[in-house]
Amino acid sequence: MTQPSALIFDVFGTCVDWRTSVAGEVATALPDVDPFAFADAWRAEYQPAMARIRDGDRGYVALDVLHRENLDIVAERFGVMPADPASLARVWERLVPWADVVQGLGAMKAQRIIAPCSNGSIALMTRLAKFGGLPWDCILGADIAQDYKPKPAVYHACCAALQLPPEVVMMVAAHNDDLDAAAKAGLQTAFVARATEYGAAQERDLAPEGNWTCTAPDFPSLAVLLFPNA
């Protein structure tokens with residue numbers, strides 16, 4: 001394995017526990033609904049909303065806009081509406097990192113460039129980094145490409161922004177489909193499982209499903225695997 005010159009990371013699910021974080025705020029804002037059911041339903045609108053943009057049916061808009069629109073869709077379905085929907089929609093800026101993430105990112109940052117390659121906007125990723133102490137060197141992802149993963153343009157735009165060829169950039173994710181797209185775009189890949197991203201009954205992304213460059217149980221272990229002499 002050739003050591004990467006930069007590591008780029010999926011964020012929702014890989015770096016932060018979106019489900020528990022969102023459900024916690026939903027429980028306060030909408031006490032009459034099942035907070036985890038609401039969080040899951042809100043997240044379920046994520047891919048269809050981005051698909052309309054990826055497919056060319058809608059011009060690029062930031063994920064912040066889609067989150068707000070999707071909140072209205074789900075709230076109507078549940079027959080509720082938060083007193084301050086704009087604040088609840090910004091819960092995606094207040095997601096708690098998994099316990100290993102900040103330490104592991106720090107260890108990798110000491111050796112290489114690290115940045116998010118997320119479908120979240122620059123504004124969202126910046127505020128989320130401030131909230132959770134995520135020590136990125138810069139913010140990359142959908143806003144740079146004006147498109148959404150898993151389109152190859154998103155991965156390539158991140159590499160181009162760093163002035164690095166894809167083969168020396170490693171995509172780190174807990175989602176096999178994200179890594180499959182990154183690998184097809186020519187990047188190195190690392191799988192780190194988040195077995196409770198969707199709760200205790202999660203059935204997908206429990207193990208690597210491709211010939212990824214490397215696999216690790218958590219971020220500090222990935223740092224040791226990549227940089228054993230650090």
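Predicted model: local features only at pLDDT ≥ 70, side-chain atom pairs only at ≥ 80, totals over all residues.

Reader: Where does Gln163 lie, and what is its phi value?

Author: Gln163 belongs to the loop between α9 and β4. Its phi is near 55 degrees, a positive value in a residue other than glycine.

Reader: Is Asp205 buried or exposed, and what is its phi?

Author: Asp205 is buried, its relative accessible area being 11%. Its phi is near 55 degrees, and here too the residue with the positive value is not a glycine. Asp205 sits in the loop between β5 and β6.

Reader: Which glycine takes a positive phi just after α10?

Author: That residue is Gly186, with a phi of about 100 degrees.

Reader: Which residues of helix α10 are buried, and against what do they pack?

Author: A general point comes before the case. An α-helix has 3.6 residues a turn, so residues three or four places apart point the same way. In α10, which spans residues 176-184, the buried residues are Asn176, Asp178, Leu179, Ala181 and Ala182. The buried residues of this helix pack against α9 (152-161), β4 and β5 (188-192).

Reader: Which residues does a cis peptide bond join?

Author: The cis peptide bond links Lys149 and Pro150, with omega at about 10 degrees. Pro150 is located in the loop between α8 (142-145) and α9.

Reader: How is a sheet to be read, and what is the strand order of the open sheet?

Author: Strands of a sheet pair through backbone hydrogen bonds, either parallel or antiparallel. The open sheet here has six strands in the order β3-β2-β1-β4-β5-β6, and the pairing is parallel. At the edges stand β3 (140-141) and β6 (214-216); each has a single partner strand, so one side of each is left without a neighbour in the sheet.

Reader: How many bridges pair β1 with β4, and which residue is the bridge partner of Ala6?

Author: Four bridges pair β1 (residues 6-9) with β4 (residues 169-173) in the parallel sense. The partner of Ala6 in β4 is Val169.

Reader: Finally, how many disulfides does a search of the whole structure find?

Author: A disulfide is a covalent bond between the sulfur atoms of two cysteines. The search of the whole structure finds zero. For Cys117, the nearest cysteine sulfur is that of Cys158, 3.6 Å away, whereas a disulfide requires sulfur atoms within 2.5 Å. Cys117 counts as buried, at 0% relative accessibility. Cys138 is also in no disulfide, and its nearest cysteine sulfur, that of Cys158, is 8.5 Å away. Cys138 is partly exposed, with a relative accessible area of 27%.

How values were computed
Residues numbered from 1 in each chain as written. Heavy atoms only, no water. Pairing = 2+ DSSP bridges. Helix = DSSP H or I, 4+ residues; strand = E, 2+ residues; numbered from the N terminus. Buried < 20%, exposed > 50% of the residue type's maximum accessible area, 1.4 Å probe, protein only. Contact = heavy atoms within 4.5 Å.
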